[in-house]
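Subject: Structure for your files

Hello,

Here is the structure I said I would pass on, followed by my notes on what turned up in it. Please open it alongside this email.

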Amino acid sequence: MPPPTILKRRHTLRGKNLLPVIKKLRGMDQPVPQLARFKINTPLEEMERSQVVSAFRDLTGESEKDCLEMAERDITDENLKCLLHSAIIHANEFGQPDGQNLETIEDQESEPQEPPKKKTKASSLP
């Protein structure tokens, strides 16, 4: 069996569209054989309900009840874990952190710098 999927560092779904996660959950007919992990040492199967809810809210910034309602699922421990599993998979794929802004700040004017002077090799002729 392959190792479980683990949420990548700094990946999040805050401010992202959660409809793909809800659609995936709605289309699940049977339980997932191996759930993804929110943290490396904590399998979802061993997490308590309050931990799953807290992890989902941290990851998405949304209410788990609203998402389960849109997916037409009851609020059960199994459905909450499947919702978090789907969110982790989606976050790893589409929730990468924004890149660094490389634009210069307009308020600060940079002074032109002189190009570095080339070093000349002194010839050692007697």
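A residue counts as exposed when its relative accessible area is over 50%, and as buried when that area is under 20%. Keep in mind that this is a predicted model.

Helix H1

With those cut-offs, Lys23 and Gly27 are exposed, and they sit on the face of H1 that is turned away from its buried side. The buried residues of H1, which spans residues 19–27, include Val21, Ile22 and Leu25. These three lie on the same side of H1, because they cover an arc of only 95° around the axis. Among the elements that cover the buried residues of H1 are helix H3 (64–70) and helix H4 (77–94).

H1 against H4

Two packed helices are described by the angle between their axes and the distance between the axes. For H1 and H4 the angle is about 135° and the axes are 9 Å apart. The two helices are therefore oblique to each other, and the crossing of H1 and H4 is right-handed. On the H1 side the contact involves Pro20, Val21, Lys24 and Leu25, which meet Asn79, Cys82, Leu83, Ser86, Ala87, Ile89 and His90 of H4. Sorted by class, the residues of this contact are 7 nonpolar, 3 polar and 1 charged.

H2 against H4

Helix H2 (residues 49–60) also packs on H4: their axes cross at roughly 30° and come within 10 Å. That angle makes H2 roughly parallel to H4. The crossing of H2 and H4 is left-handed. H2 contributes Arg49, Val52, Val53, Ala55, Phe56, Leu59 and Thr60 to the contact, and H4 contributes Asp77, Leu80, Lys81, Leu83, Leu84, Ala87, Ile88 and Ala91. By class, the contact of H2 with H4 comprises 11 nonpolar, 1 polar and 3 charged residues.

Backbone angles

Which residues other than glycine have a positive phi? Arg10 is one of them, with phi near 70°, and Glu72 is another, with phi near 60°. Arg10 lies in the segment before H1, while Glu72 is in the loop between H3 and H4. Arg10 has a relative accessible area of 55%, so Arg10 is exposed. Glu72 is exposed as well, with a relative accessible area of 63%.

Regards

How values were computed:
Residues are numbered from 1 along each chain as its sequence is written. This is a predicted model: local features need pLDDT of at least 70, side-chain atom pairs count only at pLDDT 80 or more; totals for chains, interfaces and linings use all residues. Side-chain values use heavy atoms; hydrogens and water are left out. Buried means under 20% relative accessible area, exposed over 50%, partly exposed in between (1.4 Å probe, protein chains only). Helices (H or I, at least four residues) and strands (E, at least two) are DSSP runs, numbered from the N terminus. The arc is that of the directions from the helix axis to the C-beta atoms. Contact means heavy atoms within 4.5 Å. Axes are lines fitted to C-alpha atoms, for helices over the stretch in contact, and angles run from 0 to 180 degrees between N-to-C directions. Angles under 35 degrees count as roughly parallel, over 145 as roughly antiparallel, 65 to 115 as roughly perpendicular and the rest as oblique. A crossing is left-handed if the near helix is turned anticlockwise from the far one by less than a right angle, and right-handed if clockwise. Ala, Val, Leu, Ile, Met, Phe, Trp, Tyr, Cys and Pro count as nonpolar, Asp, Glu, Lys and Arg as charged, and the others, Gly among them, as polar.
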